[in-house]
Amino acid sequence: MRSFPNPLTPAEEKYYIQKYTEGDLEAKHILIERNLRLVAHVLKKYQNLEEDPEDLLSIGTIGLIKAVVTFDPNKGNRLAAYASRCIDNEILMHIRARRKSGKEISLYEPIGTDREGNEVRLYDVMETEEPDIPEKIDLKENIQKLYEKVESELSQREKLVLKMRYGLYNGEQYTQREIARQLGISRSYVSRIEKSAVQKLRAFFQ
(Lines give C-alpha, C1' and ligand atoms only; values in the text may rest on other atoms or scores of the structure.)
Protein backbone atom coordinates (compact mmCIF):
# COMPACT_ATOMS: atom_id res chain seq x y z
CA MET A 1 0.00 0.00 0.00
CA ARG A 2 1.19 3.52 -0.71
CA SER A 3 2.72 5.73 2.01
CA PHE A 4 0.53 8.17 3.93
CA PRO A 5 1.07 11.30 6.04
CA ASN A 6 1.63 10.78 9.73
CA PRO A 7 -1.57 10.86 11.84
CA LEU A 8 -2.47 13.90 13.91
CA THR A 9 -1.63 14.06 17.58
CA PRO A 10 -4.64 14.36 19.92
CA ALA A 11 -3.89 18.05 20.35
CA GLU A 12 -3.62 18.64 16.61
CA GLU A 13 -6.81 16.70 15.97
CA LYS A 14 -8.70 18.79 18.52
CA TYR A 15 -7.33 22.00 16.98
CA TYR A 16 -8.30 21.15 13.39
CA ILE A 17 -11.72 19.83 14.39
CA GLN A 18 -12.40 23.13 16.12
CA LYS A 19 -11.19 25.06 13.08
CA TYR A 20 -13.43 22.98 10.81
CA THR A 21 -16.47 23.56 13.00
CA GLU A 22 -15.75 27.26 12.58
CA GLY A 23 -15.94 26.87 8.80
CA ASP A 24 -12.27 26.41 7.89
CA LEU A 25 -12.31 24.09 4.84
CA GLU A 26 -8.53 23.77 4.85
CA ALA A 27 -8.85 22.18 8.30
CA LYS A 28 -11.29 19.66 6.81
CA HIS A 29 -8.77 18.70 4.13
CA ILE A 30 -6.04 18.28 6.73
CA LEU A 31 -8.27 16.04 8.86
CA ILE A 32 -8.91 13.84 5.83
CA GLU A 33 -5.33 13.70 4.56
CA ARG A 34 -3.79 13.01 7.96
CA ASN A 35 -6.22 10.12 8.57
CA LEU A 36 -5.65 8.31 5.26
CA ARG A 37 -3.35 5.88 7.08
CA LEU A 38 -6.46 4.80 9.01
CA VAL A 39 -8.15 3.77 5.75
CA ALA A 40 -5.17 1.57 4.88
CA HIS A 41 -5.32 0.03 8.35
CA VAL A 42 -9.00 -0.87 8.02
CA LEU A 43 -8.40 -2.35 4.55
CA LYS A 44 -6.06 -5.00 5.99
CA LYS A 45 -9.03 -7.07 7.15
CA TYR A 46 -10.28 -7.23 3.55
CA GLN A 47 -6.98 -8.14 1.88
CA ASN A 48 -8.05 -11.73 1.18
CA LEU A 49 -11.17 -10.73 -0.73
CA GLU A 50 -11.23 -10.73 -4.52
CA GLU A 51 -11.51 -6.94 -4.64
CA ASP A 52 -9.21 -4.35 -6.22
CA PRO A 53 -7.20 -2.75 -3.35
CA GLU A 54 -7.25 0.62 -5.08
CA ASP A 55 -11.05 0.47 -5.42
CA LEU A 56 -11.40 -0.38 -1.74
CA LEU A 57 -9.00 2.45 -0.86
CA SER A 58 -11.18 4.92 -2.78
CA ILE A 59 -14.34 3.59 -1.15
CA GLY A 60 -12.74 3.65 2.27
CA THR A 61 -11.68 7.25 1.69
CA ILE A 62 -15.32 8.14 0.98
CA GLY A 63 -16.16 6.66 4.37
CA LEU A 64 -13.40 8.76 5.94
CA ILE A 65 -14.75 11.94 4.32
CA LYS A 66 -18.24 11.16 5.63
CA ALA A 67 -16.76 10.62 9.08
CA VAL A 68 -14.99 13.99 9.09
CA VAL A 69 -18.14 15.76 7.89
CA THR A 70 -20.48 14.12 10.42
CA PHE A 71 -18.16 13.81 13.44
CA ASP A 72 -19.50 15.29 16.67
CA PRO A 73 -16.65 16.00 19.13
CA ASN A 74 -19.19 16.68 21.89
CA LYS A 75 -19.94 12.94 22.16
CA GLY A 76 -16.53 12.30 23.65
CA ASN A 77 -15.18 9.98 20.94
CA ARG A 78 -11.87 10.24 19.12
CA LEU A 79 -12.21 10.93 15.42
CA ALA A 80 -10.13 7.84 14.59
CA ALA A 81 -12.53 5.49 16.40
CA TYR A 82 -15.56 7.04 14.73
CA ALA A 83 -13.90 7.15 11.31
CA SER A 84 -12.89 3.47 11.53
CA ARG A 85 -16.55 2.49 11.83
CA CYS A 86 -17.54 4.77 8.94
CA ILE A 87 -14.79 3.38 6.70
CA ASP A 88 -15.78 -0.18 7.62
CA ASN A 89 -19.46 0.50 6.89
CA GLU A 90 -18.70 2.07 3.52
CA ILE A 91 -16.62 -0.91 2.40
CA LEU A 92 -19.19 -3.43 3.65
CA MET A 93 -21.99 -1.63 1.79
CA HIS A 94 -19.92 -1.79 -1.38
CA ILE A 95 -19.20 -5.51 -0.99
CA ARG A 96 -22.85 -6.33 -0.22
CA ALA A 97 -24.03 -4.33 -3.23
CA ARG A 98 -21.62 -6.20 -5.50
CA ARG A 99 -22.74 -9.56 -4.18
CA LYS A 100 -26.40 -8.64 -4.54
CA SER A 101 -25.99 -7.58 -8.16
CA GLY A 102 -23.78 -10.59 -8.82
CA LYS A 103 -26.55 -13.02 -7.92
CA GLU A 104 -28.31 -12.24 -11.16
CA ILE A 105 -25.37 -13.51 -13.22
CA SER A 106 -23.76 -15.92 -10.78
CA LEU A 107 -24.50 -18.97 -12.97
CA TYR A 108 -22.31 -17.44 -15.67
CA GLU A 109 -19.27 -16.55 -13.55
CA PRO A 110 -15.99 -18.48 -13.99
CA ILE A 111 -15.44 -21.28 -11.48
CA GLY A 112 -12.11 -22.60 -12.74
CA THR A 113 -10.56 -24.32 -15.73
CA ASP A 114 -10.75 -27.82 -17.15
CA ARG A 115 -7.78 -30.06 -17.97
CA GLU A 116 -7.30 -28.32 -21.32
CA GLY A 117 -7.14 -24.93 -19.61
CA ASN A 118 -10.57 -23.83 -20.84
CA GLU A 119 -12.66 -21.62 -18.58
CA VAL A 120 -15.48 -23.46 -16.82
CA ARG A 121 -18.71 -21.74 -15.75
CA LEU A 122 -21.55 -23.19 -13.69
CA TYR A 123 -23.85 -22.68 -16.67
CA ASP A 124 -21.51 -24.86 -18.74
CA VAL A 125 -23.06 -27.96 -17.17
CA MET A 126 -26.17 -27.19 -19.22
CA GLU A 127 -24.38 -26.87 -22.55
CA THR A 128 -24.30 -29.55 -25.27
CA GLU A 129 -21.94 -30.08 -28.17
CA GLU A 130 -24.56 -28.90 -30.67
CA PRO A 131 -24.21 -25.13 -31.08
CA ASP A 132 -27.87 -24.45 -31.89
CA ILE A 133 -29.38 -26.30 -28.92
CA PRO A 134 -28.68 -23.73 -26.14
CA GLU A 135 -30.58 -21.11 -28.14
CA LYS A 136 -33.67 -23.32 -28.37
CA ILE A 137 -33.98 -24.62 -24.83
CA ASP A 138 -35.99 -22.88 -22.16
CA LEU A 139 -33.47 -21.36 -19.79
CA LYS A 140 -35.85 -21.29 -16.84
CA GLU A 141 -36.62 -24.99 -17.15
CA ASN A 142 -32.94 -25.86 -17.22
CA ILE A 143 -32.17 -23.70 -14.21
CA GLN A 144 -35.03 -25.39 -12.35
CA LYS A 145 -33.60 -28.77 -13.32
CA LEU A 146 -30.18 -27.66 -12.16
CA TYR A 147 -31.54 -26.72 -8.73
CA GLU A 148 -33.35 -30.05 -8.46
CA LYS A 149 -30.14 -31.95 -9.23
CA VAL A 150 -28.21 -29.84 -6.74
CA GLU A 151 -30.61 -31.08 -4.06
CA SER A 152 -30.89 -34.70 -5.15
CA GLU A 153 -27.44 -35.59 -6.48
CA LEU A 154 -24.89 -33.68 -4.43
CA SER A 155 -23.51 -34.41 -0.98
CA GLN A 156 -24.30 -32.00 1.84
CA ARG A 157 -20.82 -30.49 1.61
CA GLU A 158 -21.04 -30.10 -2.18
CA LYS A 159 -24.44 -28.43 -1.89
CA LEU A 160 -23.17 -26.11 0.83
CA VAL A 161 -20.10 -25.07 -1.17
CA LEU A 162 -22.10 -24.34 -4.35
CA LYS A 163 -24.77 -22.43 -2.42
CA MET A 164 -22.15 -20.29 -0.70
CA ARG A 165 -19.98 -19.85 -3.79
CA TYR A 166 -22.75 -18.73 -6.16
CA GLY A 167 -25.38 -17.26 -3.89
CA LEU A 168 -27.93 -19.93 -4.84
CA TYR A 169 -31.44 -19.59 -3.34
CA ASN A 170 -30.84 -15.86 -2.89
CA GLY A 171 -28.09 -16.48 -0.39
CA GLU A 172 -24.85 -14.58 0.13
CA GLN A 173 -21.98 -15.11 -2.33
CA TYR A 174 -18.56 -15.91 -0.92
CA THR A 175 -15.07 -16.33 -2.36
CA GLN A 176 -13.28 -19.66 -2.06
CA ARG A 177 -11.08 -18.16 0.66
CA GLU A 178 -14.11 -17.05 2.68
CA ILE A 179 -15.76 -20.47 2.34
CA ALA A 180 -12.55 -22.21 3.37
CA ARG A 181 -12.28 -19.98 6.43
CA GLN A 182 -15.89 -20.55 7.47
CA LEU A 183 -15.76 -24.33 6.97
CA GLY A 184 -12.30 -24.74 8.45
CA ILE A 185 -10.82 -26.35 5.34
CA SER A 186 -8.22 -25.31 2.75
CA ARG A 187 -9.04 -23.20 -0.28
CA SER A 188 -7.74 -25.95 -2.58
CA TYR A 189 -10.15 -28.41 -0.95
CA VAL A 190 -13.03 -25.99 -1.57
CA SER A 191 -11.95 -25.82 -5.21
CA ARG A 192 -11.93 -29.63 -5.49
CA ILE A 193 -15.39 -29.92 -3.93
CA GLU A 194 -16.68 -27.26 -6.31
CA LYS A 195 -15.26 -28.99 -9.40
CA SER A 196 -16.55 -32.39 -8.26
CA ALA A 197 -20.06 -30.97 -7.84
CA VAL A 198 -19.98 -29.37 -11.30
CA GLN A 199 -18.85 -32.63 -12.88
CA LYS A 200 -21.75 -34.48 -11.25
CA LEU A 201 -24.24 -31.91 -12.51
CA ARG A 202 -22.75 -31.83 -16.00
CA ALA A 203 -23.78 -35.46 -16.57
CA PHE A 204 -27.46 -34.52 -16.39
CA PHE A 205 -27.22 -31.86 -19.10
CA GLN A 206 -25.25 -33.65 -21.83
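These notes cover the nonpolar cores and the aromatic pairs of a predicted model.

1. The largest nonpolar core has 28 residues. Leu 31, Leu 64, Val 68, Ile 87 and Ile 91 are the members that touch the most others in this core. At least two of its residues come from each of helix H1 (10–21), helix H2 (25–33), helix H3 (36–43), helix H4 (53–70) and helix H5 (79–102).

2. Leaving out residues up to four places away in sequence, Ile 87 touches Leu 38, Val 39, Val 42, Gly 60, Gly 63 and Leu 64.

3. As background, nonpolar side chains in soluble globular proteins tend to be buried together.

4. The structure contains 2 aromatic pairs. One of them joins Tyr 15 and Tyr 16 in an edge-to-face arrangement, with 5.0 Å centre to centre and 75 degrees between the planes. Tyr 15 is partly exposed at a relative accessible area of 47%, and Tyr 16 is partly exposed at 21%.

5. Phe 71 and Tyr 82 form a tilted aromatic pair, with 5.7 Å centre to centre and 45 degrees between the planes. This pair links distant parts of the chain: Phe 71 lies in the loop between H4 and H5, Tyr 82 lies in helix H5, and the two are 11 residues apart.

6. Is Phe 71 buried or exposed? Phe 71 counts as buried because its relative accessibility is 13%, under the 20% limit. Tyr 82, with a relative accessible area of 21%, is partly exposed.

How values were computed: Residues numbered from 1 in each chain as written. Predicted model: local features only at pLDDT ≥ 70, side-chain atom pairs only at ≥ 80, totals over all residues. Heavy atoms only, no water. Core = buried A, V, L, I, M, F, W, Y, C linked by side-chain atoms within 4.5 Å. Buried < 20%, exposed > 50% of the residue type's maximum accessible area, 1.4 Å probe, protein only. Helix = DSSP H or I, 4+ residues; strand = E, 2+ residues; numbered from the N terminus. Contact = heavy atoms within 4.5 Å. Phe/Tyr/Trp six-rings, centres within 6.5 Å; stacked < 30°, edge-to-face > 60°.
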